Protein chains: 2
Amino acid sequence: MAFLERIEKLIKERKSYLCVGLDPDLDKFPSLIPKTIDGVYRFLAEIIEATADIAVVYKPNLAFFGSLGLGGLTILGKVIQLAGQETPVILDGKFGDIGNTARKYATMAFDTFGAEAVTLNPYLGSDSILPFLEHKDTYSFILGITSNPGSAEVQQRELAGGGLLYEHLAMDFEKRFPQLNWGWVAGATQPSALSKIRSISPSRFLLIPGIGAQGGELGQVMERSKSPDGIPMALINASRSILYASNTSNFKEAARDAALELVGEMHTHLRPVS
Amino acid sequence: MAFLERIEKLIKERKSYLCVGLDPDLDKFPSLIPKTIDGVYRFLAEIIEATADIAVVYKPNLAFFGSLGLGGLTILGKVIQLAGQETPVILDGKFGDIGNTARKYATMAFDTFGAEAVTLNPYLGSDSILPFLEHKDTYSFILGITSNPGSAEVQQRELAGGGLLYEHLAMDFEKRFPQLNWGWVAGATQPSALSKIRSISPSRFLLIPGIGAQGGELGQVMERSKSPDGIPMALINASRSILYASNTSNFKEAARDAALELVGEMHTHLRPVS
């Protein structure tokens, strides 16, 4: 089943929009977990087990695994395989390269690591995006507006003739790529930009980082990410607040509780998902 | 010795501005090379040996190694180690992520893989760049203007008040980052943009892809990349034209000849480097 169908099905089944970001950071690890590659794998396996019926997608970030050495990249594939049994996985690599090379990144993400979706950086234009969209069962989240302070420096520049860069980019890609297998990354810290992207792409999924630690407000994000039929088409990411909910021996229960609490909060902002 | 000093020394010693792009593509491999991970390593080791006294820098692209499976990522580190004995190495990953994650990418590039320089994507703004610059002995090439057709779609948008996006980005980063350990990627296919970037950053190194296969013209690029004292501060990349100069048993000699020919052509466009 393609990523898009799996996600739509899981959102209904699990009544959740939760994306769990798998960003292993040894400095934040529970103290009883050995700071080894095996320790990282075991920790993430526990987190996946604790959230398996709550998350609708997992999102490991390439950098966090790559910073652990080659062993980190080896377990990235294993983590994706483990998480992917029940739940689709987005490899967060923010890939962006010329066409020929983009094809190789698609192979890396979908074949080497076995992800079903990726994040992409649009700075090189549409020929850096198309090779990913050609993998029809996968899904690509293109960076529209990111959650960090520097997002204004490029993405929110005003263009000649009016409108901001990310708005024009969204309109251009919406015209250029009628394919259904892509959506946008839209940071929770930029609510008005999130609304704007939703208005340009009414029915594409939004991958939304920046809730919690980065300051984004959940209710607002849920409301603004609704598609025309009133249902949010959003995958709302939480990483640190779940993975590192506790650094003691109860980290697994704490992670589950944090995930349940966040999904509970999603429900308060919604009529129940039918 | 820091990347910048090594490069400046090697340009004088080897009288060359050649960057050899190490992009292993099995479809283009000489027919006698086994299409295995060992075969890829042996092929690249031969290419490095054939060009060791001609290239001043090597540039493996993460995507090409990652597309070969985990084994490909394992030999990426070995290739960087081998090439790096005599010549510095740029890991072409076009990394771009929020500050916390950018730090992890820096660890991946400089520690896991042992590169001395990287390429960076500026779409997320200055907080995605700074963590790399803090590694003082390394060097970062920030994508200014790329060599592909899609480069116009984002990078060359005209901004309100005049000027193109990449020009404003270059001016902003020039002000914001007085550090010496970074320069620009500027595609050979965009000569007027290359001149513009040179005028904004008169004395930073330019990493220039797009000569040859992509259609950039060498003499023009050499001239336009000169610093105020009349010396090009450029690293001119060639990948396919060297690696796949022949697909028969003489591929190694053919690679050397192609590299020598390109460097010879550089000399015709210059007064000799003193």
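How many salt bridges are there between chain B and chain A? The count is eight, a salt bridge being a side-chain nitrogen of Lys or Arg within 4 Å of a carboxyl oxygen of Asp or Glu. This is a predicted model, in which local features need pLDDT of at least 70 and side-chain atom pairs count only at pLDDT 80 or more, while totals for chains, interfaces and linings use all residues. Residues are numbered from 1 along each chain as its sequence is written, chains are lettered from A and ligands numbered from 1 in the order in which they are written, and side-chain values use heavy atoms, with hydrogens and water left out.

**View 1. The contact between chain B and chain A.** Chain B brings 56 residues to the contact and chain A brings 56 residues, where contact means heavy atoms within 4.5 Å. About 4800 Å² is buried between the chains, with carbon and sulfur atoms giving 58% of that area; buried area is the accessible area (1.4 Å probe) that two parts lose on being put together, summed over both. Of the area that chain B buries against chain A, 16% comes from Lys104(B), Tyr123(B) and Arg157(B), more than from any other three residues.

**View 2. Polar links across the contact.** One of the salt bridges joins the side chains of Lys94(B) and Asp97(A), at 2.9 Å from N to O. Between chain B and chain A, 29 residue pairs are in polar contact, both residues at pLDDT 80 or more. A polar contact is a pair of N or O atoms within 3.5 Å; within protein, one must be able to donate a hydrogen and the other to accept it, and residues adjacent in sequence count only if both atoms are side-chain atoms. The elements that each supply at least two residues to the side of chain B that touches chain A include helix H4 (70-84), strand E3 (90-95) and helix H5 (99-112) of chain B. Helices (H or I, at least four residues) and strands (E, at least two) are DSSP runs, numbered from the N terminus.

**View 3. Asn121(A).** This residue is in the loop between strand E4 (117-120) and helix H6 (130-133) of chain A. Asn121(A) has a relative accessible area of 0% and is therefore buried; buried means under 20%, exposed over 50%, and partly exposed in between (1.4 Å probe, protein chains only). The side chains of Asn121(A) and Asn121(B) are joined by a polar contact of 3.1 Å. Residues that Asn121(A) touches include Lys94(A), Leu143(A), Tyr123(B) and Leu124(B).

**View 4. Asp229(A).** Asp229(A) sits in the loop between helix H10 (218-224) and strand E8 (234-238) of chain A. Its relative accessibility is 58%, so Asp229(A) counts as exposed. Its side chain makes a polar contact of 2.5 Å with that of Ser227(A).

**View 5. Lys15(A).** Lys15(A) lies in the loop between helix H1 (3-14) and strand E1 (18-22) of chain A. Lys15(A) is not a glycine, yet has a positive phi of about 45°. Most residues other than glycine have a negative phi. Lys15(A) counts as partly exposed, at 39% relative accessibility.

Key: Lists of a residue's contacts leave out its neighbours within four places in sequence.
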